[in-house]
Amino acid sequence: MRKAVLNFITFSIMLLLSVGAQAQYKVKVACVGNSITEGAGLKTTYPQALQELLGEEYEVRNYGIGGRTLLKKGDYPYWIEAKYTEVLNWNPDVVIIKLGTNDTKPQNWKYKENFVEDYVALVKSFKNLPSKPKVYICKPLPVFEDKWGITERIVKEEILPAINKIARKTKVETIDLYTPFLGKAALTYDGVHPNEEGAALLAKEVNEALITFKEAKAKKVLSKKQ
């Protein structure tokens, strides 16, 4: 009798610990990108604004680094950064990739034939993680003023079509950040980088793109309870 009671108490404690661990778990969202993601100088970056929109069930981390390229042969490739290793080790549930703007610089775009291949490889590096994250790739914001070698013509005529091609090859969804910003240069502070209001709009678009993911997550939780 005593053994049965002890077994029941042990089982109850383990069950409570398991339920507590599940309740504390947060969906991990990794924002990968360049200075537009990093948001240097802003009081509220887009990942921070996204965190507010998603709520306490999610943990959003900012893995943006200014000046970085998607191209492996670019002047400052994201691939060799410690943050890239960090995001892989974090094993996120969702990955938002927003790269490509710096790739339009002349010294980088001369390797444009590698853009699709390198982007596909980056997506696969995340999709192959143990967490099997949902990966989204973003269409860059418009460039309202060509500077630092960043060129709107290349963004519009070459990067955007390439993003669509990459999405088809990798079977991931795209987040259109180009169209919502058209005609809204006032949402940037230099013609390239979003200001506070621009970061808020960027977060809003990403949040809306995650609706399907959130609905699927809610259904999964509900099915476990039934």
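**Exercises on a predicted model**

Just after helix 4, Asn-91 has a positive phi of about 60°. The model used in these exercises is predicted.

**Exercise 1.** Determine which residues of helix 4 are buried and how they are arranged around the helix axis.

*Solution.* 
1. Helix 4 spans residues 82–90, and its buried residues include Tyr-84, Val-87 and Trp-90.
2. Viewed down the axis, the buried residues of helix 4 fall within an arc of 125°, so they line one face of the helix.
3. An α-helix has 3.6 residues a turn, so residues three or four places apart point the same way.
4. On the other side of helix 4, Ala-82 and Asn-89 are exposed.
5. The cover over the buried residues of helix 4 includes strand 1 (27–33), strand 2 (58–64) and helix 6 (115–127).

**Exercise 2.** Decide whether Thr-104 is buried or exposed, and find what its side chain meets.

*Solution.* 
1. Thr-104 sits in the loop between strand 3 (94–98) and helix 5 (106–109).
2. Its relative accessibility is 1%. Buried means under 20%, so Thr-104 counts as buried.
3. Beyond its neighbours within four places in sequence, Thr-104 contacts residues including Trp-109, Gly-149, Thr-151 and Ile-159.
4. A polar atom of the Thr-104 side chain lies 3.1 Å from the backbone nitrogen of Thr-151.

How values were computed
Residues numbered from 1 in each chain as written. Predicted model: local features only at pLDDT ≥ 70, side-chain atom pairs only at ≥ 80, totals over all residues. Heavy atoms only, no water. Helix = DSSP H or I, 4+ residues; strand = E, 2+ residues; numbered from the N terminus. Buried < 20%, exposed > 50% of the residue type's maximum accessible area, 1.4 Å probe, protein only. Polar contact = N/O pair within 3.5 Å; in protein donor to acceptor, adjacent residues only side chain to side chain. Contact = heavy atoms within 4.5 Å. Arc of directions from axis to C-beta.
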